[in-house]
Amino acid sequence: MRQNNFFNVIKRTNFQQTDCFKQKKINSFLQIRKLQIKPFELGINKNLVGNNIFKIENNHQNKTRKMNTKPDSEVSEGLPFKTLRFLPKNGQEKKNSAIIVLQEWWGINEQIKIHAQRIADNTNTLTITPDLYKGKLGLSQEEASHLMSNLDWKNALVELETLVDSLKNENRYKIGSIGFCMGGAVSLALASHLASKEPLSAVVTCYGIPSPTICDVSVIGLKTPVQGHFGNEDNMSGFSDPNAVNSLVRQLEEGIERMDETGKEISIYRYDGQGHAFLNDEEWALKMRKEQGFVGGDNNEIKALAWTRIYEFFNKYL
C-alpha cells in the first residue's frame, strides 16, 4: 500500500488544504521563526540554541537501532485508556511537571516509546504516552489508516482532559504536550481545547496540524507557548505540507492580533530536505518511512537541532 492511503485518511478526517500564506509584518512580541536549514548552514545556526548541542546530541539516540524500551510503569486506574510512564534515567525528576507524548497514526509502538524516554531523559520530566487506540496497533498502512480514520477526535480530547486533571491531582501543575504526525495534530487540538480552561504550559507539534473542524488553533497562542517542526519537503497536503504550515502560522498570529493582546512565544521551524516523520529513527519506523516514500530523515545534525530546540522549549516552560 502506498502513501496514498495516508492521504485518503487525511481527506476523510477533513484536513483541508489551505491557500498559500503571504508573510505579514509580525508584532515584536510574536516570535515566529521560519528557518530554512541546509547541512552546510548548521554551524552558522549553532548560536540559536547553544554552542555544544551537536556534540551532545550526536552521542544521543539518533542512530538506527532495534531496541525494546520498557516504561517505568503503566497506569489506567481512573482513566479511559492505559498510559505508559517514563522517568528520566538520571533520577532527577521535576516533581511538579509532566509531558504528554502523543502517538503517530500507528499507535503506541516502539518509536513513540523511544521518543518518550529521550524527552524524559533530556528534560528531567515525567513523560506519559496515552493509548488513544486502547490496545490496538497498526502494523501496516492499511491498519493504521483504519485506526486513524475511526478515532473520535472530539471524544479523545475529552479523555485527554481527564489525563491532565489526574496529573494535576498528583501536584503536577506544569503540563506540556508533544505529538508526532497524528499526535502532533492532537497536541495542538488539546492545547486549543484547554485554552479557555486551564491551559497547557507548553505545546509542541511535529509535522501534524488539526483540521479546523476539530478545533480553532488561533486561540492557542494567547494562552500557551507553541513550537512546531516541519519538513519543507513534506507532501502531506493540508496536514503538514508547507501550505498547511503557512496557514498555521497565519492563524496563530491572527488569533493574537484579533484580541489585541500580548501572546505567548510561537516558534515554527522548517527544515529543508526533510519530508514527513523526519525525526523517526527506530528500525521499523524507518522501514515504514521508506515504504511511504518520505524523503530525508537521514541527517542526524538536523535531528539533533530539532531535538535540542524541543528540550530547551520544555525546560524553559516546565
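Contact here means heavy atoms within 4.5 Å. The model is predicted, with local features needing pLDDT of at least 70, side-chain atom pairs counting only at pLDDT 80 or more, and totals for chains, interfaces and linings using all residues. Residues are numbered from 1 along each chain as its sequence is written, and side-chain values use heavy atoms, leaving out hydrogens and water.

## H5 against H6

Helices (H or I, at least four residues) and strands (E, at least two) are DSSP runs, numbered from the N terminus. Take helix H5 (residues 153–169) and helix H6 (residues 182–194): their axes come within 10 Å and cross at roughly 70°. That makes H5 roughly perpendicular to H6; the labels are roughly parallel under 35 degrees, roughly antiparallel over 145, roughly perpendicular from 65 to 115, and oblique for the rest. Axes are lines fitted to C-alpha atoms, for helices over the stretch in contact, with angles from 0 to 180 degrees between N-to-C directions.

Who touches whom? On the H5 side it's Trp153, Leu157, Val158, Leu160, Glu161 and Val164, meeting Met182, Ala185, Val186, Ala189, Leu190, His193 and Leu194 of H6. Sorted by type, the residues of this contact come out as 11 nonpolar, one polar and one charged. Nonpolar covers Ala, Val, Leu, Ile, Met, Phe, Trp, Tyr, Cys and Pro, charged covers Asp, Glu, Lys and Arg, and polar is the others, Gly among them.

## H3 against H10

Helix H3 (residues 110–123) packs on helix H10 (residues 300–317) at about 55°, with the axes 9 Å apart. That makes H3 oblique to H10.

H3 brings His115, Arg118, Ile119, Asn122 and Thr123 to the contact, and H10 brings Trp307, Tyr311, Phe314 and Asn315.

## Two positive phi values

Most residues other than glycine have a negative phi. Asn124 has a positive one, near 55°, and sits in the loop between H3 and strand S4 (126–130). Lys134 also has a positive phi, near 55°; Lys134 is in the loop between S4 and helix H4 (141–149).

## The cavity lining

The largest cavity has 13 lining residues, with Glu104, Trp106, Ala277, Gln292 and Phe294 nearest its centre. On a 1 Å grid over the protein atoms alone, a cavity is a set of points where a 1.4 Å probe fits but cannot get out, and lining residues have an atom within 4 Å of a point. Helix H9 (residues 283–292) gives the most to this lining, with four residues. By type, the lining divides into eight nonpolar, three polar and two charged.

Technical notes:
On a 1 Å grid over the protein atoms alone, a cavity is a set of points where a 1.4 Å probe fits but cannot get out, and a pocket is an open set with protein on both sides within 12 Å along at least five of seven lines; lining residues have an atom within 4 Å of a point.
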